[in-house]
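I opened this notebook to keep a record of what I looked up, entry by entry.

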Amino acid sequence: MHSSDRTNPSTAFLDHASAGIEARMKEVQEAATGGPVVLDAYPGQEAAWTTASASAEALEPELTALLQNLHAHPEVAFEEVHAQRTIAELLEAKGFAVERGVHGVETSLRTLYDAPGYDPARHRTVAILAEYDALPGIGHACGHNIIAAAGVGAFLSAVEALRSSGMGGRIVFLGTPAEEGHSGKEYMIRGGMLDGIDVAIMIHPFGYDISSHYWLGRRTLQATFHGVAAHASSQPFMGRNALDAATLAYQAMGLLRQQMAPSDRLHSVITDGGHRPSVIPETASLDIYVRSLLTESLVDLSARVDNILDGAALMTGCTVERQWDVHPTTLPIRNNETLLGRWTHTQALRGRTAAPAGVVPDSLAASTDFGNVSQLVPGIHPMVKVSPPDVALHTAAFAEWAGSPEATRAAVDSSAGLAQVAMDVLGDDALAAAALAEFNATGGKFSVADQLG
């Protein structure tokens with residue numbers, strides 16, 4: 001190997017993973033061509049789905065304009081003033097009263113529609129969530145402009161279907177800012193966002209159509225070691241080196257990776273290690289991310305990191321100060337497979353084959369604050385194909401695709417699909433009961449505020 005090659009990572013693993021994904025996707029697509037989707041789960045389902053689909057298609061020009069507008073005006077977490085105003089004005093033009101700055105987050109949104117005769121004791125409530133924050137420097141490289149357009153389209157399409165169906169129920173639109181690097185949804189949860197909500201649904205753009213994908217829980221940690229400063233030449237023995245403690249902790253976390261589950265992640269940077277080589281550092285700090293596929297293993301891995309920090313402090317004669325979760329923990333998504341079965345049907349009618357869990361390996365996963373929602377109510381967060389499979393999220397290339405015609409088509413298809421799932425939740429008692437039973441059987445409610453602080 002030439003020395004010039006050392007900075008070029010091998011693509012062998014990704015190439016192998018991509019080949020496996022493509023093969024499994026082909027198998028899923030071939031198996032999905034077995035016949036038409038039968039709509040008879042509850043009276044009026046076919047009419048409700050037809051109305052939702054037609055409404056989504058009719059909204060295409062407005063969804064395209066919204067998607068492109070947000071794409072051209074990217075805003076980072078907690079600063080989504082333009083996005084909030086643009087979405088609110090669109091919904092207000094449709095006749096809805098929109099609340100801004102609700103549930104404790106200034107750039108959030110909320111509106112709702114109650115069917116005539118809505119009774120919370122007898123009818124269900126579905127929340128449709130929309131994100132709209134962007135990434136610093138590369139704009140909508142995670143496609144949240146698509147999520148916003150899909151959420152708005154789904155809400156409007158579901159309302160149209162509910163109005164014409166004669167069924168009871170409530171549909172809530174929630175604009176949820178600050179997902180990138182933060183946990184805006186958890187702040188909104190603590191502000192009452194999920195009070196009275198039975199089911200929460202949203203989509204995320206991707207390079208594949210996937211009904212059920214893995215998302216890791218994520219905790220953040222800021223750790224500062226405190227030692228004793230001393231002259232590094234004349235009296236080093238009078239010092240206690242905080243940088244040594246930080247370095248030991250950094251190395252120990254690297255060694256811990258051998259004993260971690262393949263899907264888990266642990267990464268850190270030393271943000272402060274002193275200022276002059278001639279002075280033994282009195283303080284040194286690290287920023288640490290802890291990620292895991294399961295809520296229980298996230299808690300366990302966090303405890304092991306705590307032990308590493310204590311051990312590094314003990315070995316160097318330092319003390320350690322730590323702050324977990326400057327922004328609240330984001331939990332793993334608990335995909336409700338009962339509801340995702342209906343999502344898969346909606347996409348089949350639109351020419352998309354939404355692959356089940358396992359097609360994309362769990363080692364290729366990120367984190368999202370929708371996990372916190374899915375641990376409190378049954379929820380879905382399917383992935384919708386926007387780009388070629390080899391275009392990764394959080395890249396400039398994906399940002400380009402987030403403004404493409406494929407992005408518009410994904411938003412329209414998702415609007416129809418989410419609206420159809422919402423109608424099924426409101427109209428199909430058996431589906432709603434099965435979704436709740438699955439939720440309870442897979443762990444029930446897990447609250448970050450109550451159990452992780």
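**Entry 1, the second largest pocket.** I looked up the second largest pocket and found a volume of about 410 Å³. Its lining has 21 residues, and Leu 293, Leu 294, Ile 333, Arg 334 and Gln 375 are the closest to its centre. I note that a pocket here is an open set of points on a 1 Å grid over the protein atoms alone, where a 1.4 Å probe fits and protein lies on both sides within 12 Å along at least five of seven lines, and that lining residues have an atom within 4 Å of a point. The volume is the space filled by probe spheres set on the points, which are joined across faces, edges and corners.

The model is predicted: local features need pLDDT of at least 70 and side-chain atom pairs count only at pLDDT 80 or more, while totals for chains, interfaces and linings use all residues. Residues are numbered from 1 along each chain as its sequence is written, and side-chain values use heavy atoms, with hydrogens and water left out.

By class, I found 8 nonpolar, 8 polar and 5 charged residues in the lining of the second largest pocket (Ala, Val, Leu, Ile, Met, Phe, Trp, Tyr, Cys and Pro count as nonpolar, Asp, Glu, Lys and Arg as charged, and the others, Gly among them, as polar).

Where does the second largest pocket lie? Domain 1 (36-215 + 332-450) and domain 2 (217-324) both give residues to its lining, so the pocket lies between them. These bounds come from an automatic or database domain assignment. The centres of the two domains, taken over C-alpha atoms, are 38 Å apart, and 11 residues of domain 1 are in contact (heavy atoms within 4.5 Å) with 9 residues of domain 2.

I then turned to the largest pocket, whose volume is about 890 Å³. Of its 36 lining residues, Phe 206, Leu 364, Ala 365, Ala 392 and Leu 393 lie nearest the centre. The lining holds 18 nonpolar, 11 polar and 7 charged residues, and it draws at least three residues from each of domain 1 and domain 2. Helix 1 gives the most, with 5 residues; helices (H or I, at least four residues) and strands (E, at least two) are DSSP runs numbered from the N terminus.

I traced an open sheet with the order 8-9-7-10 and antiparallel pairing, where two strands pair if DSSP finds at least two bridges between them. Strand 8 (265-272) and strand 10 (319-324) stand at the edges with a single partner strand each, so one side of each has no neighbour in the sheet. Strand 7 (residues 217-226) pairs with strand 10 over 6 bridges, and Thr 224 stands opposite Glu 321 in strand 10. Helix 8 (residues 295-316) lies across strand 7, strand 8, strand 9 and strand 10, at about 10° to strand 7 (axes are lines fitted to C-alpha atoms, for helices over the stretch in contact, and angles run from 0 to 180 degrees between N-to-C directions).

Strand 3 (residues 125-130) and strand 4 (residues 170-175) run parallel, joined by 6 bridges, and Ile 128 stands opposite Phe 173 in strand 4.
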